[in-house]
Amino acid sequence: MAAIDSVNQGFRHRYLRFAELTSQLRAWAETYPEVATLHSLGTSGDGREIWLLEIGRDPGRRRPAVWVDGNMHGTELATSSVALAIAEALLRVHVEPANAAAELPAPLLEALRDIHLYVAPRLSPDGAEAVLERGGFVRSVPRRQDTTGHASWWQPRDMNGDGCCRCMRIPDAAGDFVAAPDCPGLMLPRQIDDPPPWFRLYPEGEIIGFDGETIPDADPLVNTADLNRNFPWDWRPEDQQTGAGAFPGSEPETAAVMRFAENHPNIFAWLNLHTFGGVFIRPLGTQADAHMHPGDRRLYRQLADWAATFTGYPTVSSYEQFTYEPEQPLRGDLVDFAYHQRGCLAVACELWDLFRRLDMPTPARFVDHYTALDRDDLQRLAHWDRDYNQGRIFSHWTPLHHPQLGAVEVGGTDPVIGTWNPPPESLPALCESVAGYWLRVAALLPRLVIEEVVVSCLDAQLFEVSATIANHGYLSTAGIPSGETLPWNHGVLAELNPRDCRLAAPTDARRDLGHLEGWGNGAGAMRHMPWFQRSAGSGHRQTLRWLVHGEGTLALSVGNARLGWIQQMISAR
């Protein structure tokens with residue numbers, strides 16, 4: 001069997017185009033068909049496949065699973081690389097167990113061999129491809145939907161033929177930017193005592209529907225769907241939530257994810273990858289932590305401990321530390337959908353800790369980082385770009401005659417590599433750290449087992465079959481505590497089917513055990529403290545009994561649609 005490293009096509013060292021990403025996924029599926037299967041969730045607006053790689057033993061058999069997705073926002077290219085790294089890490093557990101054992105403890109390896117991993121590395125293949133072709137910013141998808149009625153708008157275009165879309169500047173007495181004197185390409189917000197020249201800044205491109213006079217606003221979030229505002233939980237229309245789309249699931253990429261999640265209730269944990277910032281963002285998205293189930297809070301504290309250990313990133317509440325305006329939550333996002341509607345231990349990660357690289361202090365609300373850069377910070381960014389990023393962000397200005405605006409200069413920032421995404425030189429360490437984190441989360445899943453079956457002869461041709469069913473996993477068979485009440489999240493079922501004998505009470509063949517507890521409690525449980533240590537009792541285990549008439553064989557099936565099914569043949573003699 002081919003070594004894992006020999007199948008790697010370089011995603012840890014460069015950002016892959018769609019054809020290259022497809023080649024990597026197909027290489028894994030073709031080389032390791034016993035543990036890797038490639039599916040398509042559907043097609044994007046431009047007809048590209050939205051790939052999903054399934055990893056795990058017995059691909060056709062349902063097992064508890066975790067999910068990872070990346071690149072739902074077009075510019076966030078590093079998310080695809082990290083998603084692929086997580087896939088490769090679990091492949092190594094199956095294909096190269098000796099190498100995996102050198103890095104992972106035996107109990108962790110045992111748990112990981114029993115789960116499935118779903119990896120969707122590029123939810124917006126159209127958006128990522130547009131960025132890789134020409135640079136610039138694409139929020140989610142490079143298609144426009146006019147929700148404002150504006151007649152004109154900016155279309156990104158490489159005007160000077162240098163292969164990317166940067167900025168254009170025009171001298172203007174009402175300009176709101178000035179050039180940094182010692183940092184070529186860096187523009188600074190104008191202050192009242194700044195001498196001229198002053199400039200207006202626009203995206204490199206052309207104006208569609210230009211009337212010859214009016215220059216439209218260049219807000220990249222307007223008139224385009226944001227896939228992370230298009231999910232059904234707490235969705236709001238466009239006039240209340242920018243990027244919402246026409247209705248929940250209106251975008252083919254979002255609808256494909258929703259459809260798969262509904263058909264795969266076996267997903268227990270969900271990692272939604274983004275850039276940038278260097279932070280994990282957890283529910284609740286629309287309420288303060290006081291409204292979260294206490295058991296969920298303890299689980300997220302455990303995840304926060306691992307996040308800090310493996311990545312150095314903090315974990316924050318979406319509502320309390322990641323709303324751009326206080327008490328105005330983001331609506332229709334994927335993590336809320338996965339947590340509230342699919343009962344998942346769901347978390348988003350903003351990869352790439354740029355603020356820490358710039359030695360910026362952490363504000364009280366993490367989201368304030370994104371609007372906190374003053375002039376000193378901007379110049380520090382330019383120096384970092386020069387010293388550690390090969391000058392990829394900032395470029396000298398060069399004159400150009402624009403077909404609509406006349407004399408302009410092209411240059412300034414291309415934020416794709418360095419701000420939105422780490423330099424490729426930083427990718428290996430980033431991939432390693434997040435994969436280490438997510439493998440720990442994947443090991444939390446419930447593990448349903450048939451511990452013991454005992455057949456006792458009570459009388460001539462009368463037998464008692466007893467079966468002890470248990471959950472050996474960290475999480476309850478319900479997953480997160482708040483998910484137990486979801487109408488589709490049924491308890492464990494056990495069914496005994498006789499082949500050549502009969503049950504004394506045929507209507508009792510199927511039993512509902514309810515949910516079985518897990519052994520884990522998250523971090524900060526009172527029962528863990530030395531002044532009150534104790535276990536929870538035997539809620540993780542149940543013993544069932546059936547009476548059977550006659551000798552024969554019986555098939556015991558235990559599970560449900562979320563856990564999958566385990567079976568054992570029993571002989572009554």
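**Exercise 1.** In this predicted model, determine how helix H3 (residues 78-95) and helix H13 pack, and what orientation their angle implies.

*Solution.* Step 1: the axes of H3 and H13 lie 8 Å apart and form an angle of about 55°. Step 2: angles under 35 degrees count as roughly parallel, and those from 65 to 115 as roughly perpendicular. Step 3: H3 and H13 are therefore oblique to each other. Step 4: the crossing of H3 past H13 is right-handed.

**Exercise 2.** Identify which residues of H3 meet H13, and classify the contact.

*Solution.* Step 1: H3 contributes Ala-78, Ser-81, Val-82, Ala-85, Ile-86, Ala-89 and Leu-90. Step 2: on the H13 side, these meet Leu-427, Leu-430, Cys-431, Val-434, Ala-435, Trp-438 and Leu-439. Step 3: sorted by class, the contact of H3 with H13 comprises 13 nonpolar residues, 1 polar residue and no charged residues.

**Exercise 3.** Determine the orientation of helix H8 (residues 294-310) against helix H13 (residues 427-442), and describe their contact.

*Solution.* Step 1: H8 and H13 pack at an angle of about 155°, and their axes are 9 Å apart. Step 2: because angles over 145 degrees count as roughly antiparallel, H8 is roughly antiparallel to H13. Step 3: H8 passes H13 in a crossing that is right-handed. Step 4: from H8, Leu-303, Trp-306, Ala-307 and Phe-310 meet Ser-433, Gly-436, Tyr-437, Arg-440 and Val-441 of H13. Step 5: the residues of this contact of H8 with H13 comprise 6 nonpolar, 2 polar and 1 charged.

Methods
Residues are numbered from 1 along each chain as its sequence is written. This is a predicted model: local features need pLDDT of at least 70, side-chain atom pairs count only at pLDDT 80 or more; totals for chains, interfaces and linings use all residues. Side-chain values use heavy atoms; hydrogens and water are left out. Axes are lines fitted to C-alpha atoms, for helices over the stretch in contact, and angles run from 0 to 180 degrees between N-to-C directions. Helices (H or I, at least four residues) and strands (E, at least two) are DSSP runs, numbered from the N terminus. A crossing is left-handed if the near helix is turned anticlockwise from the far one by less than a right angle, and right-handed if clockwise. Contact means heavy atoms within 4.5 Å. Ala, Val, Leu, Ile, Met, Phe, Trp, Tyr, Cys and Pro count as nonpolar, Asp, Glu, Lys and Arg as charged, and the others, Gly among them, as polar.
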